[in-house]
Amino acid sequence: MSPVPDTALCELTTAYERDGWCTLPYRLGGSAVELLRDRVGAIAREVRPEVVWEKGGRVVRAVHGCHRFDEVCAALTRHPLLVELAEAFVGGPVYVYQFKVNLKQAHEGAAWPWHQDFSFWHREDGMPRPVAVNIAISLDAVHEGNGPLTVIPGSHRLGLQDPHTDGNDPGRSDWQRHVSADLAYTVTPQRAGELAGELGTRLITGPAGSLHAFHPSIVHSSSNNGSADRRALLLITYNSVRNVPPAPTRPEFLVDRNAAPIVPDDDRRLELNPL
Ligand code: SIN
Ligand code: MN
């Protein structure tokens, strides 16, 4: 796998720093998407703490920390291109902080209210700075109707926007409220509306296998899935090895304690093709 050309890397980091998100010019091959879907499907059928259901039922909302026990998910986190891109976005060596797949099931997948990921990572885990990056990989085609991620470009440059910012920290909360539709830290609809009015919004759509990056501080949300199409989104959060929270208390499937720099390794089953 050849490395990302310098000019492409420079354009991507410029867009990421300016907008807080960007499309990555690669796509996961069809057989790799199938393999990951199979793995995620098998994990979702298990009853274990990493598998989270939608409120009041047994519809799987998300699976967490799969890189810690599934060898295909682990191999994906070591993909040389993903590691190279993550290192470029955070400016140095990285490790996997978090891994999850939000399944957003057809008809039943519930929304994610407006929020910033760094609210959770800073307030709950003590992550010092937002020097991390989310790499989002669509395992299904994502369109306007199946609850795409919606971002407010440029909002990552404005600091934390949740109401707990002015010395009004609520203290640590139940982690179930970090993975449910009833999120512990949100940006109010009023504030999100103001930001959207100033900066606009972008829907992150694309075919299965599409890749995007987004910043820990970007304000984002996604709506209920009212359509007949599932919208599974796999998210790998890479954190800088110089930005490790000193004493996190949340479960390890939400905050990986292994902060050793990830060693890239090519796995032929996980083909990433340039667009
Ligand atoms: C989503 O899956 O739509 C939300 C992802 C996130 O909040 O990081
Ligand atoms: Mn989020």
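Me: Y185: buried or exposed?
Reply: Y185 counts as buried, at 1% relative accessibility. Buried is under 20% relative accessible area, exposed is over 50% and partly exposed is in between, with a 1.4 Å probe and protein chains only.

Me: What kind of model is this?
Reply: A predicted one, where local features need pLDDT of at least 70 and side-chain atom pairs count only at pLDDT 80 or more, while totals for chains, interfaces and linings use all residues. Residues are numbered from 1 along each chain as its sequence is written, chains are lettered from A and ligands numbered from 1 in the order in which they are written, and side-chain values use heavy atoms, with hydrogens and water left out.

Me: Back to rings. How many aromatic pairs does the structure hold?
Reply: It holds 4 aromatic pairs. Rings of Phe, Tyr and Trp (its six-membered ring) pair if their centres lie within 6.5 Å; planes under 30 degrees apart are stacked, over 60 edge-to-face, the rest tilted.

Me: What do Y16 and F89 form?
Reply: A tilted pair, 4.5 Å centre to centre with 40 degrees between the planes. Y16 is in helix α1 (residues 6–19) and F89 in helix α4 (residues 80–90), so the pair ties together parts 73 residues apart in sequence. Helices (H or I, at least four residues) and strands (E, at least two) are DSSP runs, numbered from the N terminus.

Me: And F89, buried or exposed?
Reply: F89 counts as buried, at 9% relative accessibility.

Me: How are the rings of F120 and Y185 placed?
Reply: Their centres are 5.0 Å apart and their planes sit at 85 degrees, so this pair is edge-to-face. F120 belongs to helix α5 (residues 117–123) and Y185 to the loop between β7 (149–151) and α6 (189–199), so the pair links parts 65 residues apart in sequence. F120 is buried too, with a relative accessible area of 5%.

Me: What else is in α4? Which residues are buried there?
Reply: L81, L82, V83, L85, A86, F89 and V90. Just after α4, G91 takes a positive phi of about 80 degrees.

Me: Charges over rings now. What sits over F69?
Reply: The charged end of R48, 3.7 Å from the ring centre. R61 lies over the face of W112, at 4.0 Å from the ring centre. The test is NZ of Lys or CZ of Arg within 6 Å of the ring centre and within 35 degrees of the ring normal.

Me: The metal. Which residues coordinate the manganese ion?
Reply: H115 (NE2), D117 (OD) and H220 (NE2) coordinate ligand 2 at 2.1 to 2.2 Å. Donors are N, O and S atoms within 2.8 Å of the metal (3.2 Å for Na, K and Ca); water is not among the atoms, so sites may look incomplete.

Me: How are the donor residues spaced in sequence?
Reply: As H-x1-D-x102-H. H115 is in strand β5 (residues 112–115) and H220 in strand β10 (residues 220–222), so the pair ties together parts 105 residues apart in sequence. H115 and H220 are both buried.

Me: Which order do the 4 strands of the open sheet with β5 follow?
Reply: β5-β10-β7-β8, with antiparallel pairing. Two strands pair if DSSP finds at least two bridges between them. The edge strands are β5 and β8 (202–204), each pairing on one side only.

Me: How many bridges join β7 to β8?
Reply: There are 3, and these strands run antiparallel. T150 has L203 in β8 as its bridge partner.

Me: What about H156, where is it?
Reply: In the loop between β7 and α6. Its side chain reaches the backbone oxygen of E17 at 2.8 Å. H156 is buried, with a relative accessible area of 9%.

Me: Which order has the open sheet of 8 strands?
Reply: β2-β3-β4-β11-β6-β9-β1-β12, paired antiparallel. Its edge strands are β2 (51–53) and β12 (272–274).

Me: How many residues of β9 are buried?
Reply: In strand β9 (residues 210–214), 5 of 5. Both faces are covered, with S210, H212 and F214 on one side and L211 and A213 on the other.

Me: What joins β6 to β9?
Reply: 4 bridges, running antiparallel. N134 is partnered with F214 in β9. In β11, the bridge partner of N134 is T237. W21 also has F214 as its partner in β9.

Technical notes: Polar contact = N/O pair within 3.5 Å; in protein donor to acceptor, adjacent residues only side chain to side chain.
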